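Please look over the sequence and the model below before reading on. The report that comes after them is meant to be read alongside both.

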Amino acid sequence: MSRYGDLSPRALWWLENCDELDLAEACASYEATLERVRQLHRAVEYGGQTICAECSAWDGQSTNNPPVAHDQCGTMKALAPPKGTQCPTT
Ligand SMILES: [Zn+2]
């Protein structure tokens, strides 16, 4: 099956309704959104651990929530692209 045949209905809509410039702009906007989320859920060092700033409610010196190890951050796990689908520029 071709990749075209594997596209979701939403992806087909984008292809049918947008030109290359629109798609490039949408990709750039998507990447910027991902970067803002990554900055929120950035890794910080605290108490000898690498923790997620957002999930741990990091205030710059301490946490207001129980510390969440950065590699256990559910948001970062959810953002990880499926294997083979990562944009080559990221
Ligand atoms: Zn997090």
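What follows describes a metal site, the cysteines and a pocket in this predicted model.

**The zinc site**

The zinc ion has its protein donors in His-41 (ND1), Cys-52 (SG), Cys-55 (SG) and Cys-73 (SG), which lie 2.1 to 2.3 Å from the ion. Along the chain these donors follow the spacing H-x10-C-x2-C-x17-C. Within this site, Cys-55 and Cys-73 form a pair that links distant parts of the chain, since both sit in the loop between strand E2 (49-52) and helix H4 (74-79) and are 18 residues apart. The arrangement around the zinc ion is tetrahedral because the four donor atoms subtend angles of 101 to 119 degrees, and tetrahedral here requires all angles to lie between 85 and 135 degrees.

**The cysteines**

A search of the whole structure for disulfides finds zero of them.

| Residue | Relative accessible area | Class |
|---|---|---|
| Cys-27 | 48% | partly exposed |
| Cys-55 | 24% | partly exposed |
| Cys-73 | 1% | buried |

**The second largest pocket**

Cys-27 also belongs to the lining of the second largest pocket, together with residues including Arg-3, Tyr-4, Trp-14 and Leu-23. This pocket holds about 340 Å³ of space. Helix H1 (3-6), helix H2 (9-17) and helix H3 (20-40) each supply at least two residues of its lining, and H2 gives the most, with four residues. Sorted by class, the lining of the pocket has seven nonpolar, one polar and two charged residues.

How values were computed
Residues are numbered from 1 along each chain as its sequence is written. This is a predicted model: local features need pLDDT of at least 70, side-chain atom pairs count only at pLDDT 80 or more; totals for chains, interfaces and linings use all residues. Side-chain values use heavy atoms; hydrogens and water are left out. Donors are N, O and S atoms within 2.8 Å of the metal (3.2 Å for Na, K and Ca); water is not among the atoms, so sites may look incomplete. Four donors count as tetrahedral if all angles lie between 85 and 135 degrees; four count as square planar and six as octahedral if opposite donors are over 155 degrees apart and all others between 65 and 115; anything else is irregular. Buried means under 20% relative accessible area, exposed over 50%, partly exposed in between (1.4 Å probe, protein chains only). A disulfide is a pair of cysteine sulfur atoms within 2.5 Å. On a 1 Å grid over the protein atoms alone, a cavity is a set of points where a 1.4 Å probe fits but cannot get out, and a pocket is an open set with protein on both sides within 12 Å along at least five of seven lines; lining residues have an atom within 4 Å of a point. Grid points are joined across faces, edges and corners, and a volume is the space filled by probe spheres set on the points. Ala, Val, Leu, Ile, Met, Phe, Trp, Tyr, Cys and Pro count as nonpolar, Asp, Glu, Lys and Arg as charged, and the others, Gly among them, as polar.
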